[in-house]
Amino acid sequence: MSFLDPTNHGSSDLQGAYAWTDSLKGVHYGPGSVKTGLPKLLSIIGGKKALVVTGRSLYEKTDVVKQVENVLKEHNAYGATFYEIGQHSPIAGIKSGLKAFKDVGADIIVTVGGGSPVDASKAILYFQQQETGGPYLRQIAIPTTLSAAEYTIGAGYTNEEGYKVAVSSPELVPAGIILDAELTLATPERLWLSTGVRSLDHAVETLYRPLVPPPVKHLAYAALADLVKYLPQSKANPQDVDVRQKLQIASWMSLWPLKFEKYSALGLSHALGHKLGARYSIPHGITSCLTLAPVIALQAELLSSDNKDWLVGALFYLRVSSTGSIEGDIGKLSAIIQKLVDDLGLRSTLTEYKVPHDDVLEIAQLAAGKEYSSLPQVVALLENLYA
């Protein structure tokens, strides 16, 4: 998963294609929108009995899941709640979740939480379809972080060996999404802010992702600008629901739903994050805090001239002046992102997460490929993350 794609797709600036994911039936957003959006989506999608999938902390330490359960009960659509989904979606939890889904006779999943329960629910529905051979059943996602997993067709999970793997299908993207900022108030600050940096990672790497059409790249610019603006505001005033709602919308723009004609990987920061996250128990938001700024700096050497232009265009949206050179502007963007991470109190090191130095070459190879021409630079980047 997230192995860098070596295919040369060419520029998508002047020719290409765009389609959205067919199974997405609606996105409802706004404070309190779960009360109105969830019944509407159930009606449109046709779900009769829902399994609520979430994590233990959200279930036991907050009333967020209870609020969702109550809306389902009001509309006679509640089946049960499964809350054994851990960080990075371990396969054991997915298997148990599939059993719970079948035992209660559910025909839809309502996910409450971050990227792990959202991806786990995709995997549950994938394996359910593999067992039955019937149509894919659907998910309604109610995210409480800014990871943006709800907009993708892939389900990343941790296998028995501790490695991040994935299943993928256009049918797995959630059929409905509800962005209700009131439900995010109980999200721990570090998780909320670090997944915001994860969304920033999506936005930045969308700018040079193959096959992405220009309108979607401009949405990424808007996401980037809003995330840089509102994440510090959210840290300063965590109870400001309007700011939290703006961040949820920015997260949506950072990974705008796309249906690609062929495979298109995001980029090096994501590839490294997936190889670091599950294996060393580093939250995905924190992996982006580690890798995004140095990967941007490295892109001054690696990107095509067209993609460098897209990357440095971010400075205009951040209302920051140019240095007068492409390489200087890329360095300036990297410095802005690193300062944001530092100001949010999210600076970390690989030492902190006990990543062995001896694993660095393997991590680089797993992320970028053994034949990647710039593998030495990737190794050097990882070495610098121990400081």
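A: A residue is called buried under 20% relative accessible area, exposed over 50% and partly exposed in between (1.4 Å probe, protein chains only). The model here is a predicted one, in which local features need pLDDT of at least 70 and side-chain atom pairs count only at pLDDT 80 or more, while totals for chains, interfaces and linings use all residues. Residues are numbered from 1 along each chain as its sequence is written, and side-chain values use heavy atoms, with hydrogens and water left out.

Q: Why does Asp-306 count as partly exposed?

A: Asp-306 has 34% relative accessibility, and therefore counts as partly exposed. This residue is found in helix α11, residues 305-312, where helices are DSSP runs of H or I with at least four residues, numbered from the N terminus.

Q: Which residues does Asp-306 touch, not counting residues up to four places away in sequence?

A: Asp-306 touches Ser-11 and Asp-13 on that count, contact meaning heavy atoms within 4.5 Å. Asp-306 and Ser-11 are 295 residues apart in sequence, yet their C-alpha atoms lie 7.6 Å apart in space.

Q: How do α6 and α7 pack, and at what angle?

A: Two packed helices are described by the angle between their axes and the distance between the axes. Helix α6 (residues 189-206) packs with helix α7 (residues 214-236) at about 155°, and their axes are 8 Å apart. That angle makes α6 roughly antiparallel to α7, a label for angles over 145 degrees between N-to-C directions. The crossing of α6 and α7 is left-handed, which is to say that the near helix is turned anticlockwise from the far one by less than a right angle. Among the residues that meet are Trp-192, Leu-193 and Leu-200 in α6 and Ala-220, Leu-224 and Leu-227 in α7.

Q: What is the angle between α7 and α8?

A: Helix α8 covers residues 241-254, and α7 packs with α8 at an angle of about 150°, with axes 8 Å apart. That makes α7 roughly antiparallel to α8, and the crossing of α7 and α8 is left-handed. The contact includes Leu-219, Ala-223 and Leu-227 of α7, together with Val-243, Leu-247 and Ala-250 of α8.

Q: Which residues touch the most other members of the largest nonpolar core?

A: In soluble globular proteins, nonpolar side chains tend to be buried together. The largest nonpolar core here has 65 residues, of which Leu-224, Leu-272, Ile-282, Leu-311, Leu-350 and Leu-382 touch the most other members; such a core is a set of buried Ala, Val, Leu, Ile, Met, Phe, Trp, Tyr and Cys residues joined through side-chain atoms within 4.5 Å. Leaving aside neighbours within four places in sequence, Leu-311 is in contact with residues including Val-204, Tyr-208, Ile-296 and Leu-333.

Conventions. Axes are lines fitted to C-alpha atoms, for helices over the stretch in contact, and angles run from 0 to 180 degrees between N-to-C directions. Helices (H or I, at least four residues) and strands (E, at least two) are DSSP runs, numbered from the N terminus. Angles under 35 degrees count as roughly parallel, over 145 as roughly antiparallel, 65 to 115 as roughly perpendicular and the rest as oblique.
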